[in-house]
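Colleague: I am new to this one. Please show me the structure, and then I will ask about the words you use for it.

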Amino acid sequence: MTRAAAGAGAPSDPSAGVEAALALWRGLAALPPRPSASPALERARELAAGALARTLRRHQLSEERFPLTPWEEAGPHALEGPDGAVKGHAFLGSPPTPPEGSRGRLRPMGEFRVWGYRPWRRWAVWDAAGRRPQAYVAERVDGPAVPQAVPPGSACLPRLAVGADARPLLERWHAAGAEVTVRVALARRAPTARGVNLVAWPPLPPRVVVGAHLDTVPTTSGAYDNAAGVALLLAVAASLPPALADTTAFVLFDGEEAGLIGSEAFCAAHAGALATASFVNLDGVGRGELLEAWIWPEALDEVAVAAFEDGRPDPLRLEVKFPPPPASDHMAFAARGVPSIMWTVDDQEIIHTARDTVDPRMEANVRRLVPVVASTVRRLSQAGRGGDAGVPGDPLVP
Ligand SMILES: [Zn+2]
């Protein structure tokens, strides 16, 4: 789809923009889970495209395609021991075990940092001769098993996530040296499927790109992760003064949950424009009161604090994370030297679960974050990029 910009005109009244954005939020969260290449994601993109077209009348809306290999559940995922079994979730992108499962003995391997910052326990399943791992099990210490993408650098072995309730069995099987069987049954579909980023390109060269991912993992409709981020993006787009909107691009990414594939594709396709732009990532507006800014480089401390003070998102508190956990689309940009800030209200209790559904606390937080994000866009636009005109404070990179 390519739609020509239709007519001129300022963004509409900001409060109308927020209501339209929240209507989109509820519409997206009412859809089934929308992993990459699913019909539900296609429907989500139609809804979002309509809302973007009505909000950003001077932007050029287009779908940018990139190769993507989707997977689907092909059976139960579990760890079985001599006296019981634990159900879990496969890591997305994990190779399947043979039909009879992968067998071996549990060996504790220290820590597994989920999304680069949440410490889970890491187990390997070693073959009978004890020579090498056959599979991995990541044990969440603070909640149920949830699916997530295999992190970069992982061995190409079956990989299972289990919840905190699995701990007594794991401990017992390990202590007894018991033989266990891991079953992971993810099927890869034909790699003909395409990922699709929905891009609203401004009439002038972009100084800031604002992004949010539209896809979810297969276990949730994702009101918090990340329909709320999409709604926040739309509300911010409606609230910017026309001159600022004219230098701001907006992107709804596909493939974030598949390992940041969509943002990688966007960065590769727009390297020239990104040489003079900054990135704002909106991923996860949860129910809590801790607002996090994940920044790169550290010089963005000033922008994060000033935008927070401008927006006065009472009663939210600010916590800045540097270096940023590599857990979302900002990482594709930061890795290429693009100054990047992610705003999030992390909600570990419901992330990637069926409990991630619409909640008035999420709605209130979206409303609070609109002026914070709008101020971030304004400040990053004014700071510019490169040399002495770079982001205020320290040099971007040594
Ligand atoms: Zn997310």
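Colleague: How do you know what confidence the predictor has in the protein?

Modeller: From pLDDT, the predictor's confidence in each residue, from 0 to 100. The protein averages 91, and 92% of the residues score at least 70.

Colleague: Where does pLDDT stay under 50?

Modeller: Over residues 1–12. The model has 25 contacts there beyond four places in sequence; a contact means two C-beta atoms, placed from the backbone, within 7 Å. Residues 386–398 are also below 50, with 21 contacts beyond near neighbours in sequence. Where pLDDT is low, the predicted coordinates should not be read in detail.

Colleague: What makes strand E5 and strand E6 stand at the edges?

Modeller: Strands are DSSP runs of E, at least two residues, and helices are runs of H or I, at least four, numbered from the N terminus. Two strands pair if DSSP finds at least two bridges between them. The open sheet of eight strands runs E5-E4-E11-E7-E8-E9-E10-E6, with mixed pairing. E5 (84–87) and E6 (89–90) each have a single partner strand, so one side of each lacks a neighbour in the sheet.

Colleague: How do you know that strand E4 and strand E11 pair?

Modeller: E4 (residues 78–81) and E11 (residues 179–183) share three bridges, in the antiparallel sense. The definition asks for at least two, so they pair. Leucine 79 has valine 182 in E11 as its bridge partner.

Colleague: Why is tryptophan 115 called partly exposed?

Modeller: Count the other C-beta atoms within 10 Å of a residue's own, placed from the backbone: 20 or more is buried, 12 or fewer is exposed, in between is partly exposed. Tryptophan 115 has 15, so it is partly exposed. This residue is in the loop between E7 and E8.

Colleague: Which peptide bond is cis with omega near -10°?

Modeller: The bond from phenylalanine 322 to proline 323. A cis bond also joins tryptophan 296 and proline 297, with omega about 0°.

Key: Residues are numbered from 1 along each chain as its sequence is written. This is a predicted model: local features need pLDDT of at least 70, side-chain atom pairs count only at pLDDT 80 or more; totals for chains, interfaces and linings use all residues.
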